[in-house]
Amino acid sequence: NTIGIETKSRVRLVKGSHIMVGRMYHGRHAYLLQQPDRRVVFALNYDSDFTTIGTTDSPVDHPGDAAIDDDEIDYLLEAANRHFRYRIERHNIVHSWSGIRALYDDGADSASAVTRDYVLELDTSGPGVLSVFGGKITTARALAEDAMTKLAPVLDVTGLQTSRDRALPGGDIHDFTPFLDRVRARFPFLGDSRSLRMARAYGTKVFAMLDDVRSEAD
C-alpha cells in the first residue's frame, strides 16, 4: 500500500446480482425465498410495473467484475420459479444489475457465509490511520459513529454526537402525499409516473436537482 501501513485484515470481493422482470404479484410486500443451498433470495416489487429478484453471492477477483453472468441468471430464475406460480424465463428479464461487496475476510468457506459486519483497525504508529473492512450501506451510520469514536482521541475531538435521529439527505419529508403534490406542481412536465419515481428516490433533493429544469427536453 502507498502509505506503508500493513494491516492484519483483508477483504474478500463478493458479487451480488439482481434481475428485474415484469411485476409478478400484487401488493407492497416483499417475499423472502428460502433456497436449497440455505441462502435466501428476495423478491420485491419496484415502481408500479416491475419485480426485482436477488441477490447472488459470487466470489470475484477484481472490482470491475460487476456484471451478471449466466450462472447467476439461472440461479435467480430457478429461485423465483421454485416459489411463484407465474414462471419466468430469460426473455422476461428487462434489466439486471450487479455490485461488488468488499467484505471483511473472516475465513469463511463460502462467499455467502462471509460476515457482513465491519471491522475497524486503527494504526497510531504514525500519523494515525483508520482502516475500514467490510460494512454495508444499511449500517453506514453505525460504522461512521464507531469510526469517529476510534479517531476522536487521535484528533483530540470531544463531545461526539449521534446521527441516528437526523433525516437522511432528502428525507426531511413529514407527509409524502403533499410533498408529491409540490413536486408535480413545480415540475408538471415530469408526468405522474416519473414524478413519483423521482420524489421517492431523491426526496427533497429533487428541488435542487431540477432547479433550472423547465421542460422534459431540459
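This is a predicted model: local features need pLDDT of at least 70, side-chain atom pairs count only at pLDDT 80 or more; totals for chains, interfaces and linings use all residues.

1. Lys15 is buried, with a relative accessible area of 4%, where buried means under 20% relative accessible area, exposed over 50% and partly exposed in between, with a 1.4 Å probe and protein chains only. The side chain of Lys15 meets that of Asp69 in a salt bridge at 3.4 Å, N to O, the term standing for a side-chain nitrogen of Lys or Arg within 4 Å of a carboxyl oxygen of Asp or Glu. Because Lys15 lies in strand β1 and Asp69 in the loop between β5 and α1, the pair ties together parts that are 54 residues apart in sequence. Asp69, for its part, is partly exposed, at a relative accessible area of 30%.

2. Residues are numbered from 1 along each chain as its sequence is written, and side-chain values use heavy atoms, with hydrogens and water left out.

3. Helix α1 itself covers residues 70-83, has 14 residues and reaches 21 Å from its first C-alpha to its last, close to the 20 Å expected at 1.5 Å a residue, the expected span being 1.5 Å times one less than the number of residues. Helices (H or I, at least four residues) and strands (E, at least two) are DSSP runs, numbered from the N terminus.

4. Which residues of α1 are buried? They are Glu72, Ile73, Leu76, Leu77, Ala79, Ala80 and Asn81, and what covers them includes β1 (11-22), β2 (30-34), β3 (40-46), β4 (50-54), β5 (58-59) and β6 (93-104).

5. The side chains of Arg90 and Asp74 meet in a further salt bridge, at 2.8 Å, N to O. This pair links distant parts of the chain, with Arg90 in the loop between α1 and β6 and Asp74 in helix α1, 16 residues apart. Arg90 counts as partly exposed at 39% relative accessibility, and Asp74 is partly exposed with a relative accessible area of 30%.

6. The structure holds eleven salt bridges, and Arg39, Asp57, Arg101 and Arg116 are linked in a network of such bridges. The side chains of Glu216 and Arg194 also meet in a salt bridge, at 3.5 Å, N to O. Glu216, in the segment after α5 (206-209), and Arg194, in helix α4 (residues 191-202), are 22 residues apart and link distant parts of the chain.

7. Thr52, whose place is in strand β4, counts as buried at 8% relative accessibility. Leaving aside residues up to four places away in sequence, Thr52 touches Ile19, Met20, Phe42, Ala43, Leu44, Tyr46 and Trp97, where contact means heavy atoms within 4.5 Å.
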